[in-house]
Amino acid sequence: MKRNTKINALLLLAVAALAVLPLALGLGDHKEEPFAGADAEAETAITEIDPDYEPWFSPLYEPPSGEVESALFAVQAAIGAGVLAYYFGLRRGRRQGEERALAAPRDGDGPHGGAAAPAGDRD
């Protein structure tokens, strides 16, 4: 097995463990909403410390339910993952293109006698 394949398999196993272990170990069973976001946890902690606390501002948009809020967060995460995947794919493609260009024959046997092809004649 290749080294990269082993690393990818270990990373996949680690991600799966991070997703499954909290559920399997029952972490958060004592809470009403066991896997609420950090915002909800912070709001609860602030209210316990200072019940008279007034927030500085209110959200511009308040989703009608927790499911809609979760869906919007998932869409945001998917868009971010897509942008990152595009960027890394583009970098890898450019690197592979440069490697192919360096590996190409440079002895003048090409269609233009070793000279660079004019912009209109490139494939």
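Phe57 is exposed, with a relative accessible area of 68% (exposed means over 50%, buried under 20%, partly exposed in between, with a 1.4 Å probe and protein chains only). This is a predicted model, where local features need pLDDT of at least 70 and side-chain atom pairs count only at pLDDT 80 or more, while totals for chains, interfaces and linings use all residues. Residues are numbered from 1 along each chain as its sequence is written, and side-chain values use heavy atoms, without hydrogens and water.

**Overall build**
- Along the sequence, the pattern reads α-α-α.
- Of the 123 residues, 2% count as buried.
- The accessible surface is about 11,500 Å², and 62% of this belongs to carbon and sulfur atoms (Shrake-Rupley method, 1.4 Å probe).

**Surface patches**
- Ile46, Tyr53, Trp56 and Phe57 form a nonpolar patch, with about 560 Å² of accessible area together.
- Phe57 sits in the loop between α2 and α3 (66-103).
- Asp39, Glu43, Glu62 and Glu69 make up a patch of negative charge.
- Glu43 belongs to helix α2 (residues 38-49), and is exposed, at 55% relative accessible area.
- Patch residues have over 30% relative accessible area and no salt bridge; like charges are joined within 9 Å, nonpolar side chains within 5 Å.
- A salt bridge puts a side-chain nitrogen of Lys or Arg within 4 Å of a carboxyl oxygen of Asp or Glu.

**Aromatic rings**
- The whole structure holds one aromatic pair (centres within 6.5 Å).
- The ring centres of Tyr87 and Phe88 are 5.3 Å apart and their planes stand at 65°, so the pair is edge-to-face (over 60 degrees; under 30 is stacked, the rest tilted).
- Tyr87 is partly exposed, with a relative accessible area of 44%.

Definitions and conventions: Lys, Arg positive; Asp, Glu negative; His and termini not counted. Charge placed at Lys NZ, Arg CZ, Asp CG, Glu CD. Helix = DSSP H or I, 4+ residues; strand = E, 2+ residues; numbered from the N terminus. Phe/Tyr/Trp six-rings, centres within 6.5 Å; stacked < 30°, edge-to-face > 60°.
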